[in-house]
Amino acid sequence: MNNSFGKKTIPLETFLNILTNLDIQVLVTELESDKVLYANEHMNNSYNVTEDTRGIPCWKAYQQLDEQCSFCALPELKAHPERIIKWEDYNERTGRWLYN
């Protein structure tokens, strides 16, 4: 397969298999709704989540909150989609510092 730039691409199934097996937390959400599109096994295990979180707002699925997390970068990403947003945060649920 080739993309519009003439570079080779991999099948979606292969890409998802790679994401699933990474030893880092991978979470993909819809920009407008915060709903989970994809979470890998490492993400779910880190938060002791056993059910399918697709379609559930990330803040509800992983933080058990009723609204968007105070540290969420989505508002900044919406305001400046051309930027790469990076931040560090201590997650009280997991007891870990996260680099996002």
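Author: In this predicted model, a pocket is an open set of grid points with protein on both sides within 12 Å along at least five of seven lines.

Reader: Which elements give two or more residues to the lining of the largest pocket?

Author: By class, the lining holds 17 nonpolar, six polar and two charged residues. Two or more lining residues come from each of strand E1 (27-29), helix H3 (58-63), helix H4 (74-79), strand E3 (88-91) and strand E4 (96-99).

Reader: Which element supplies the largest share of the largest nonpolar core?

Author: The largest nonpolar core has eleven residues, among them Val36, Ala39, Met43, Tyr47, Cys58 and Tyr62. Strand E2 (36-39) and H3 each supply at least two residues of this core. The largest share, four residues, comes from H3.

Reader: Which residues is Val36 in contact with, leaving aside neighbours within four places in sequence?

Author: Val36 is one of the residues of the largest nonpolar core. With its neighbours within four places in sequence left aside, Val36 is in contact with Leu27, Val28, Thr29, Thr53, Arg54, Gly55, Ile56, Cys58 and Tyr62.

Reader: Are the rings of Tyr47 and Tyr62 stacked or edge-to-face, and why?

Author: A search of the whole structure finds two aromatic pairs. In the pair of Tyr47 and Tyr62, the ring centres are 5.5 Å apart and the planes stand at 75 degrees. Planes over 60 degrees apart count as edge-to-face. The pair of Tyr47 and Tyr62 is therefore edge-to-face.

Reader: How many residues apart in sequence are the parts that the pair of Tyr47 and Tyr62 ties together?

Author: Tyr47 lies in the loop between helix H2 (41-46) and H3, whereas Tyr62 lies in helix H3. The pair therefore ties together parts whose separation in sequence is 15 residues.

Reader: Does Tyr47 count as buried or exposed?

Author: Buried means under 20% relative accessible area. Tyr47 has a relative accessibility of 4%, so Tyr47 counts as buried.

Reader: Is Gln63 buried or exposed?

Author: Gln63 lies in helix H3. Not counting residues up to four places away in sequence, Gln63 touches Tyr47, Cys58, Cys69, Phe71, Asn91 and Arg93. The relative accessible area of Gln63 is 16%, and the limit for burial is under 20%. Gln63 is therefore buried.

Reader: What is the relative accessible area of Gln64?

Author: Gln64 is in the loop between H3 and H4. Leaving aside neighbours within four places in sequence, Gln64 is in contact with Trp59 and Arg93. Gln64 is partly exposed, and its relative accessible area is 48%.

Reader: How far apart in space are Gln64 and Ser46, C-alpha to C-alpha?

Author: Along the sequence, Gln64 and Ser46 are 18 residues apart. From C-alpha to C-alpha, the distance between Gln64 and Ser46 is 14 Å.

Reader: Is Lys86 buried or exposed?

Author: Lys86 is placed in the loop between H4 and E3. Beyond neighbours within four places in sequence, Lys86 is in contact with Tyr99 and Asn100. Exposed means over 50% relative accessible area. Lys86 has 57%, so Lys86 is exposed.

Reader: What separates the C-alpha atoms of Lys86 and Gln63?

Author: Lys86 and Gln63 are 23 residues apart along the chain. The separation of their C-alpha atoms is 20 Å.

Terms used
Residues numbered from 1 in each chain as written. Predicted model: local features only at pLDDT ≥ 70, side-chain atom pairs only at ≥ 80, totals over all residues. Heavy atoms only, no water. Nonpolar A, V, L, I, M, F, W, Y, C, P; charged D, E, K, R; others polar. Core = buried A, V, L, I, M, F, W, Y, C linked by side-chain atoms within 4.5 Å. Buried < 20%, exposed > 50% of the residue type's maximum accessible area, 1.4 Å probe, protein only. Contact = heavy atoms within 4.5 Å. Phe/Tyr/Trp six-rings, centres within 6.5 Å; stacked < 30°, edge-to-face > 60°.
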